[in-house]
2 protein chains.
Amino acid sequence: MVKKIAAPEIERLIQLLGRLPGLGSRSARKAALALLKRRQDLLIPLAQALNVAAEKLSECPTCGNIDTVSPCTICQDPRRDPTLVVVVEEIGDLWALERAGVINGRYHVLGGHISPLDGIGPDKLNIASLVARAQAGEVKELLLALNATVEGQSTSHYIAQQLQGTSVAISRLAQGVPVGGELDYLDEGTLAAAIKSRKRV
Amino acid sequence: MVKKIAAPEIERLIQLLGRLPGLGSRSARKAALALLKRRQDLLIPLAQALNVAAEKLSECPTCGNIDTVSPCTICQDPRRDPTLVVVVEEIGDLWALERAGVINGRYHVLGGHISPLDGIGPDKLNIASLVARAQAGEVKELLLALNATVEGQSTSHYIAQQLQGTSVAISRLAQGVPVGGELDYLDEGTLAAAIKSRKRV
């Protein structure tokens with residue numbers, strides 16, 4: 001426990017900054033100092049941005065994305081194919097896919113993955129709403145774009161089980177060598193997957 | 001330049017978080033996501049803490065410390081020796097010395113160090129106020145506790161020059177082997193300083 005030295009208002013700020021991922025107690029202290037030093041161009045704008053975020057942003061009731069409008073911009077967009085739903089763990093994954101610009105469908109954000117050791121069962125994730133959405137009739141394909149980790153894959157497996165017997169086609173991302181990847185640096189699992197799914201040229 | 005995907009309010013938040021030291025654009029994105037996911041226990045409290053900081057905290061006109069009261073708690077404390085002023089570069093250094101609990105004097109925060117390449121001359125730092133404070137009569141000793149870097153040492157040198165001819169005693173921190181330090185891991189400069197300033201036992 002580090003001794004408290006600064007004004008309680010500053011200590012509180014350091015404590016909250018330290019809860020952000022990527023900031024330890026030392027870097028939270030540095031971040032707080034930067035905020036205090038740069039009052040006009042950092043402290044006040046960040047306070048305002050957080051106030052705006054707290055006021056305006058909310059979770060989309062359909063897909064779990066966060067946006068200023070509800071349903072979110074993506075769910076409202078008539079140019080997007082409503083028959084394809086891409087299932088992701090987190091909003092960050094949705095952003096990553098949107099940056100790639102390859103999805104013309106809609107999304108469903110689970111809010112994490114099943115992890116019994118952390119007490120996260122299927123009921124803590126947006127899985128029931130996904131099943132309801134898949135059964136409502138409009139969706140034809142569900143692309144499970146979860147992380148290629150043990151937890152992501154077992155969550156994918158659980159979702160696929162829940163949808164057995166429905167007419168929705170379920171797909172998953174291809175596994176293989178990343179574009180630009182050097183074989184020497186890849187793990188055995190990736191190499192094995194790439195060889196197993198090899199394609200004729 | 002990363003493509004903008006999320007709502008502009010979220011992009012603005014990511015952009016501001018990315019200006020904090022220790023957070024790059026990727027970790028700023030992760031921090032923003034954590035804030036959006038943890039609305040009640042992180043986003044709203046942090047917004048409030050920043051609002052409080054912007055409203056209540058101000059720079060001490062005497063020493064440059066940041067506090068809710070003006071002059072700051074340290075400058076107001078009658079138990080602290082007003083004849084000893086410890087000069088530091090940043091408030092973080094003041095906090096470090098206060099954590100060590102070895103200073104019973106007061107402080108003077110310069111706000112950085114002289115760095116001509118970055119356009120930071122003596123006029124950009126709280127040096128004039130330090131000279132005025134030293135010449136006002138009450139101060140007997142000025143302890144220059146600047147960083148042991150080239151910039152810190154040349155700033156110390158500049159301050160000492162400015163106070164030539166006054167009756168104020170000027171001291172600096174001892175240089176040597178850090179407590180708990182292993183010789184094998186220390187640089188040559190530190191070892192040379194430790195040997196030069198060796199003490200009889």
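Contact here means heavy atoms within 4.5 Å.

**View 1. The contact between chain A and chain B in a predicted model.** Chain A brings 52 residues to this contact, and chain B brings 52 residues. About 4,900 Å² of area is buried between the two chains, and carbon and sulfur atoms account for 73% of that area. Of the area that chain A buries against chain B, 15% comes from Leu50(A), Trp95(A) and Arg99(A), more than any other three residues supply.

**View 2. Salt bridges and polar contacts across the interface of chain A and chain B.** Four salt bridges are found across this interface. Glu9(A) forms a salt bridge with Lys56(B), with 3.7 Å between the closest N and O atoms. Eleven residue pairs are in polar contact across the interface.

**View 3. The side of chain A that touches chain B.** Elements that give two or more residues to this side include helix 1 (8–17), helix 2 (25–37) and strand 2 (66–67) of chain A. Helix 3 of chain A gives the most, with 15 residues. By class, this side of chain A has 32 nonpolar, five polar and 15 charged residues.

**View 4. Cysteines of chain A and chain B, in a structure with zero disulfides.** A disulfide requires two cysteine sulfur atoms within 2.5 Å. The closest cysteine sulfur to that of Cys63(A) belongs to Cys75(A) and lies 3.7 Å away, so the two are too far apart for a bond. Cys63(A) is buried, at 2% relative accessibility. In chain B, the sulfur of Cys72(B) is 3.7 Å from its closest cysteine sulfur, in Cys63(B), which is likewise too far for a bond. Cys72(B) is buried, at 0% relative accessibility.

Definitions and conventions
Residues numbered from 1 in each chain as written. Chains lettered and ligands numbered in written order. Predicted model: local features only at pLDDT ≥ 70, side-chain atom pairs only at ≥ 80, totals over all residues. Heavy atoms only, no water. Buried < 20%, exposed > 50% of the residue type's maximum accessible area, 1.4 Å probe, protein only. Buried area = accessible area lost by both parts, 1.4 Å probe. Salt bridge = Lys/Arg side-chain N within 4 Å of Asp/Glu carboxyl O. Polar contact = N/O pair within 3.5 Å; in protein donor to acceptor, adjacent residues only side chain to side chain. Helix = DSSP H or I, 4+ residues; strand = E, 2+ residues; numbered from the N terminus. Nonpolar A, V, L, I, M, F, W, Y, C, P; charged D, E, K, R; others polar.
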